[in-house]
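This report describes the fold of one protein chain. Please keep the sequence and the structure in view while reading.

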Amino acid sequence: MAKRLILCNCSGSQSIEPKVFEGRENLRCSRVHSELCGRELDIAAKEISSGEAIIACQQEAQKFRELAEELSVAPPEFVDIRDRAGWTESPEPGPKMAALVAEAQVAQPPVKTFDISSEGQCLIFGRSDVAIAAAERLSDALAVTLLLDPGEELPLDRRFETLRGRLKTVTGAFGQFDVALDAVELLNPAGRGGFATTAPRDAAKTRCDIILDLSGNAPLFPAPEKRDGYLRADPGSQKAVADAVFEAAQLIGTFEKTLFLTLEQHLCAHSRAGQTGCSNCLDICPTGAILPAGDHVDIDPLVCAGCGACSSLCPSGAIKYDAPPVATVNTRVRTLAETFLKAGGENPVLLVHDDSHGAEMIALSARFGRGLPGNVLPLSVGALTGFGHAEMLAALASGFCAVHILAAPRTERDPIRREIALAQAMGGATRLFLLDVDTPDAMSDALYDAETTPQQVEPVLLMGDRRQVARMAAKSLLGPQDAPVPLPENAPYGAVLVYTDACTLCLSCVSLCPSGALVDNPDKPELRFQEDACLQCGLCANICPEKAISLQPRFDPSDDVMKLQTLNEEEPFCCIECGAPFGVKSTVEKIVEKLAGKHSMFADSDTGRLIQMCDDCRVKAQYHSTDNPFASADRPKVRTTDDYFSKRRDH
């Protein structure tokens, strides 16, 4: 059934032309209303009752949801074409509105979640006066344990547990914090006067669901604002403490935690045979949710905050962002560009922002400032750092002339800058920008003042995983060019260089290459390489006993990267007995030169010849030699009944 787009010009404050929405499949438009949230609310009720309404207003979404609940129907869908398009200094916002409506209709896969249970067990520690007051306020809502420093005066309030000690280590996340304590003194409430305590004891352990840190010291975890269940406030700020206490009181019950990432361990290039290769995800994870686990890494979903940086930097695609998947984001980007250009728009620019800070910046700029330029199309994503070089290149290859990423106050800038530099080297040139501004007006001014160079690339349909999408997009952007372009250090694309004078073709690199970029030739000593498959993880260089391998970050747009290239080859040595080729000729000759007739084990000529034999002939020669290592002792004589009778004396 076709969806029906319900339009409203918000009391005439924006200009809407319904014709720009015509021609789209499964979409019909209403007439342009003026005040759907007020005097025309009955019209909105009628449209919502149909069950197929898309209301072009995000500001009053809550009112319309409540109206749907009163009508006992499913809530309608919403799309914002006012703050993001209608309220602007630019003329003719129609093509942009059409693009935003089309993008809103892209199907979103369901988000995967799991449940976290909290029984309200809360550990509070910090400055005694502030911590005691917080414990008193929370004791009616949570099961509070107050931890004071050794020597601190104990409160007489028994609505919560009190102990003295020192925090040693804290691990885990919301619902599963594991706490280790030293110098623990348990309270003894018996007797008159102040409470006594037990003698201090070390190595105490406990578990809690929530931690309220009022110490004012360094946080217990990296990126503390991203650690669920860990609340930290400045003890000198009454408002900050009150906010933390209020938030802690809500953390009891069952909560849904989003599964942001998927991990395919067999694709991970972290380690092989005890040698470390790729560590991009380990180095970039702000919360410490990723840890080594043998040849691969493991992700703790309780600790993961969903920033997405690991997925954008993973060279093999072992880690994928899944809330939503990258393919969905690319589909939204392509839909924005195609619809905007088809509706008559020119020189589209993509503004990537987060769901909270960026959306608020755009709304404030639209209401009180210049709004967004008519050719700047906003794209809201859950994780800014998850929008990596592949997505940037895909946006340019889809028809966008430039991509701006609007940073939020808590956004990690380093991974975004790293991905921008990589995408620029792969064809993005000067079309990719990190927009790091503080105010809505500064954001609008930067976008209006930015020079937009028309894109000369025909939009291409991008398919496959992130590496395939990035390669196809970069090849389109670079144009008819076959020469490799250099890439920044640690780029996930490049070549393997082999110093043939040092390489002995031991092929240890082949056995450990996680992506199969390095392969051997079963017919002769040969090391071959397929550049398209190389992850530049560095395992081959780390494992090479001769240190004969180095990496060259580069992007080769030619089709030669799909072919096997020979990096090193030599003649095989032929067995002196049967003539079968085996081993590497130069290596066998070098061993003979060093050992035959010189080493005690190969002193005589017959033993020295073993080095020049294949496996089969070597075994045969040793078997027939005088000192046959396979020979066993003579078999014992079989004993018979006569042997036993011969020893008896009764016959």
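Helices (H or I, at least four residues) and strands (E, at least two) are DSSP runs, numbered from the N terminus. The structure is a predicted model, in which local features need pLDDT of at least 70 and side-chain atom pairs count only at pLDDT 80 or more, while totals for chains, interfaces and linings use all residues. Residues are numbered from 1 along each chain as its sequence is written, and side-chain values use heavy atoms, with hydrogens and water left out.

Glutamate E47 is found in helix α1. A residue is called buried under 20% relative accessible area, exposed over 50%, and partly exposed in between (1.4 Å probe, protein chains only). Contact means heavy atoms within 4.5 Å.

| Residue | Location | Relative accessible area | Contacts |
|---|---|---|---|
| E47 | helix α1 | 13% | R4, I6, A53 |
| R82 | helix α3 (residues 82-86) | 7% | C10, Q14, Q59, W87, R367 |
| E40 | loop between β2 and α1 | 9% | R31, H33, S34, E35 |

From C-alpha to C-alpha, E47 and P93 are 25 Å apart in space, and they are 46 residues apart in sequence.

Two strands pair if DSSP finds at least two bridges between them. Four strands form an open sheet in the order β2-β1-β3-β4, with parallel pairing. Strands β2 (27-33) and β4 (77-78) stand at the edges with a single partner strand each, so one side of each has no neighbour in the sheet. Within the sheet, β1 (residues 3-8) and β3 (residues 53-55) pair in the parallel sense over three bridges. The bridge partner of L5 in β3 is I54.

Axes are lines fitted to C-alpha atoms, for helices over the stretch in contact, and angles run from 0 to 180 degrees between N-to-C directions. Helix α1 (residues 41-49) lies across β1, β2 and β3 and runs at about 135° to β3.

**Nonpolar cores**

What is a nonpolar core? The term denotes a set of buried Ala, Val, Leu, Ile, Met, Phe, Trp, Tyr and Cys residues joined through side-chain atoms within 4.5 Å. The largest one has 56 residues, and those with the most contacts inside it are L5, F21, I81, L350, F387 and V403. Helix α11 (residues 389-397) supplies the largest share of this core, seven residues. Not counting residues up to four places away in sequence, I81 touches L7, Q14, I16, F21, A56, G86, M97, L100 and V101. Another core lies apart from it and has 48 residues, among them I116, V241, A244 and C304.

**Helix packing**

In helix α5 (residues 128-138), the buried residues are S128, V130, A131, I132, A134, A135 and L138. Their cover includes β6 (121-126), β7 (143-148), β12 (210-214) and α6 (238-249).

How do helices α10 and α13 meet? The axes of α10 (residues 357-368) and α13 (residues 440-449) come within 8 Å and cross at roughly 85°. The two helices are therefore roughly perpendicular to each other, a term for angles of 65 to 115 degrees, whereas angles under 35 count as roughly parallel, over 145 as roughly antiparallel and the rest as oblique. In this contact, M361, I362, L364 and S365 of α10 meet P440, M443 and S444 of α13.
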